[in-house]
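Student: Could we go through this structure together, step by step?

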Amino acid sequence: MINFKLNGKTYSIPQKWEEVTFKQYLDIFELKDDTIQLVSIFTGLEYDYLKNAVIIGLDDILTALSFIYKMPEFPGSVSECGPFKIHNNSKGGFNIQHESLGQFEDMRAVMNKLPEKDIKAHTAAYAEYVAIYLQKIKDKEYSHLKAQQMVEEIYTYPAFQVITLGSFFFLKLKSFLNGLAKTFPNTVPNPKKSKQVTNGYKKRSARSPQSRKRR
């Protein structure tokens, strides 16, 4: 993260994809070719406020934000998501099994309600899959209500962790429901490929994050 001062207050913004939260990642789907909007996403400050604010260290901010034009490279598995440890096998890959029918059915219900071609909606659903999985780890017993209440917390976790874990569950669900093999690649949706990504950004980076490997 890089710190800067704006109107006398100190703020932080990410310098690499690994520092972007899941909520920020989703907000980038709506990003136009607009640096002010990008800083607003990362700081939570209003667009109009930023437009005329005095920023100390602006050049450093612009340099730090250059990562946004590069394709995110997220891992195939993670050992943690937020404060929770994830079960991996001896080779470092996921060793995750559904432990209750309630979890499986709730994940399936989430997937079935989504518009088939809406990339952002499918990516946003990762927070629900991850909450359904992690809530049982947290409370030792699965609760649909508690899992739903946990979704907002998931939005504050690092995007690469949520996307990696969420895409695993999405593909695993697809595997079960389509009768496919249980081994599959862990690919993540690319905001850049979303219709919501602007031409301006597409020109700057062949596949930016907006381009990800984001999901």
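**Helix contacts and the sheet**

Tutor: Gln103, Asp106, Met107, Val110 and Met111 in helix H5 meet Glu128, Tyr129, Ile132, Tyr133 and Lys136 in helix H7, where contact means heavy atoms within 4.5 Å, and helices (H or I, at least four residues) and strands (E, at least two) are DSSP runs numbered from the N terminus. This is a predicted model, in which local features need pLDDT of at least 70, side-chain atom pairs count only at pLDDT 80 or more, and totals for chains, interfaces and linings use all residues. Residues are numbered from 1 along each chain as its sequence is written, and side-chain values use heavy atoms, with hydrogens and water left out.

Student: At what angle do H5 and H7 pack, and how is that described?

Tutor: Axes are lines fitted to C-alpha atoms, for helices over the stretch in contact, and angles run from 0 to 180 degrees between N-to-C directions. The axes of H5 (residues 101–112) and H7 (residues 126–139) lie 9 Å apart, at an angle of about 170°. Because angles over 145 degrees count as roughly antiparallel, H5 is, relative to H7, roughly antiparallel.

Student: What is the order of the strands in the open sheet?

Tutor: Two strands pair if DSSP finds at least two bridges between them. E1 and E2 pair in the antiparallel sense over 5 bridges, while 2 bridges join E1 (residues 2–6) to E3. The edge strands, each pairing on one side only, are E2 (9–13) and E3 (55–56), and the order is E2-E1-E3.

Student: Which residue in E2 is the bridge partner of Ile2?

Tutor: E1 and E2 form a hairpin with 2 residues between them. In E2, the residue bridged to Ile2 is Ile13.

Key: Parallel < 35°, antiparallel > 145°, perpendicular 65-115°, else oblique.
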